Amino acid sequence: MCIRDRYNSAFQLLPGHPDDIDTISAIPSEGIMLEVEQGVLLTSYSEQMEINFSVPTGHRAILRVFDRMGREAATLFDNTPTNAVKITWDGRDETGQFLRHGAYMLHLQSVSTSGERESETATIAIGSVLK
């Protein structure tokens with residue numbers, strides 16, 4: 001098997017271990033918070049990623065995953081929460097398919113009843129252990 005057959009994209013992020021990637025969190029805006037416990041999700045081990053977020057009371061929260069080209073890959077949450085939210089995500093989209101390995105952006109958007117918007121982002125990676 002040729003490497004080209006295994007990896008069909010010129011851009012690959014393939015960490016060998018979750019400690020291989022350092023994630024940096026920005027200081028969140030007032031009233032909105034997005035926190036990812038682990039920045040690397042290894043789907044080959046059936047791992048799950050914990051995502052915690054909160055928005056001001058009464059605001060709608062929309063949590064989406066975007067690929068490195070800016071395309072929406074999945075919507076993880078779209079509702080008006082009453083408290084802080086904790087999501088456990090296994091790397092699948094709405095159709096149940098695993099997202100491809102690579103770097104992704106979590107984007108949390110808070111929408112007030114008057115339409116004002118705030119957002120917060122976090123970088124994550126989906127990968128597998130090389131054998």
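Colleague: What should I know about the model before I read any feature?

Modeller: The model is predicted, with local features needing pLDDT of at least 70 and side-chain atom pairs counting only at pLDDT 80 or more, while totals for chains, interfaces and linings use all residues. Residues are numbered from 1 along each chain as its sequence is written, and side-chain values use heavy atoms, leaving out hydrogens and water.

Colleague: Which order do the strands of the five-stranded open sheet have?

Modeller: Strands are DSSP runs (E, at least two residues), numbered from the N terminus, and two of them pair if DSSP finds at least two bridges between them. Here the order is β2-β8-β7-β4-β5, with mixed pairing. Because β2 (40-42) and β5 (72-79) each have a single partner strand, one side of each is left without a neighbour in the sheet. The twist averages 25 degrees from one strand to the next, where axes are lines fitted to C-alpha atoms and angles run from 0 to 180 degrees between N-to-C directions.

Colleague: How many bridges join β4 to β5?

Modeller: Six bridges join β4 (residues 60-67) to β5, and the two run antiparallel. F66 stands opposite E72 in β5, and in the hairpin, with four residues between the strands, G70 takes a positive phi near 90 degrees.

Colleague: What is the order in the open sheet of three strands?

Modeller: That sheet runs β1-β3-β6 with antiparallel pairing, and its edge strands, β1 (33-36) and β6 (85-89), each pair on one side only. Five bridges join β3 (residues 49-54) to β6, and T88 in β6 is the bridge partner of E50.
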